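Good morning, everyone. Please put the structure up on the screen. I'll walk through a few places in it.

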Amino acid sequence: MKKLFFSFVLANMAVSIVPVHADDNAWKAAFSPLPSSVDSPDNPVTPAKVALGKKLFNDTRFSQDKTLSCNSCHSLSTYGVDNEATSPGHKGQRGKRNSPTVYNAALHIAQFWDGRAGTVEQQALGPILNPAEMAMSSEAQVLERLKSDPDTVAQFKSAFPGQSDPVTYANVGEAIGAFERTLLTPSRFDEYLKGKEDVLTAEEIKGAKSFVQAGCIACHNGSTLGGQMYQKLGLVKAYPTNDFGRFEHTKNEADKYFFKVPSLRNVEKTGPYFHDGSIKTLEEAVKIMGEYQLGRNLSDEETKDIVIFLRSLTATLPPM
């Protein structure tokens, strides 16, 4: 009898199982290549807007003491993160949650671990006024700094033509959001999904099938392998955490311990892991997910295979 792999589809918190033969390519149906762009009808991406957004993403004037920028916690040179458990903010203050990567984030269902921002445009504005992060006192203070620079004002006018006063707080978010919509990182795995089968090794393909068989695709599927749903941390076994997750935003009891499922794109490079950055290695993260989310004690071999596959999701970063 042929060995079977299983495809898991999460629907209304129930997992259905569909057999897939190990010697066919049906397992690939759980995934799709990254799109070439992530536009928004509410914020069309233009070259001028992207150029301004890139400048603002790296602008330390958004922090009270002019030492921090978006790039400080979401470094574009290190896969959109700072590789810290939690990021240092104003005067070294640290929050309780890990800073997620900005790469491919525009494809997610929402932003932040608790989904409190619906878009990258909305997310970009939050940390600026957060007293523990960039600590600006008001939108007015932000705009005063920006308007004091003629070159920046000129860039706003170019990015938002036809507006009599384009230097607005909302447009700050629009510009940074437009830039973040360009931060896509296709990898060899995308080439494989498009039909170029020699770009992955036999070990990586074996790992992909182990990933499917284990049930990881219940939450980590599609083009981003995550980022498309909220899930309870500790789905089958209570996970030790004092963070109530999405509940802290919605105040809905049903949302306790629910977090946005992270994308696994570039996951090899974006540790430490989980909402609090408490897990240091990818191997440990895989084993914990197997135990608490799937009710499985993954063997060392299964874990090794899955990690080999996950490393195939690491992309060459675009030039910045």
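First, a definition: helices (H or I, at least four residues) and strands (E, at least two) are DSSP runs, numbered from the N terminus. This is a predicted model, where local features need pLDDT of at least 70, side-chain atom pairs count only at pLDDT 80 or more, and totals for chains, interfaces and linings use all residues. Residues are numbered from 1 along each chain as its sequence is written, and side-chain values use heavy atoms, with hydrogens and water left out.

Start with H220. Find it in the loop between α8 (202-214) and β3 (230-232). Is H220 buried or exposed? H220 counts as buried, because its relative accessibility is 11%. Buried means under 20% relative accessible area, exposed means over 50%, and partly exposed is in between (1.4 Å probe, protein chains only).

What does H220 touch? Contact means heavy atoms within 4.5 Å. Setting aside residues up to four places away in sequence, H220 touches F31, F211, L225, G226, V261, P262 and L264. Look at P262 again. Its backbone oxygen lies 3.3 Å from a polar atom of the H220 side chain.

Now the cores. A nonpolar core is a set of buried Ala, Val, Leu, Ile, Met, Phe, Trp, Tyr and Cys residues joined through side-chain atoms within 4.5 Å. In soluble globular proteins, nonpolar side chains tend to be buried together. Here, the largest nonpolar core has 36 residues. Those with the most contacts inside it are W27, F31, F189, F211, I306, F309 and L310. Helices α7 (188-193), α8, α10 (282-293) and α11 (300-311) each supply at least two residues of this core. Apart from it lies another core, of 29 residues, including L56 and M134.

Take F309. Not counting residues up to four places away in sequence, F309 touches F31, F189, E204, G207, A208, F211 and L225.

Next stop: G173, in helix α6 (residues 169-180). G173 counts as buried because its relative accessibility is 0%. Beyond its neighbours within four places in sequence, G173 is in contact with E121, A124 and L125. The C-alpha atoms of G173 and F57 are 9.9 Å apart, yet these residues are 116 apart along the chain.

Last, the cysteines. How many disulfides does the whole structure hold? Zero, where a disulfide is a pair of cysteine sulfur atoms within 2.5 Å. For C73, the nearest cysteine sulfur is that of C70, 8.8 Å away. C73 counts as buried, because its relative accessibility is 17%.

Conventions
Polar contact = N/O pair within 3.5 Å; in protein donor to acceptor, adjacent residues only side chain to side chain.
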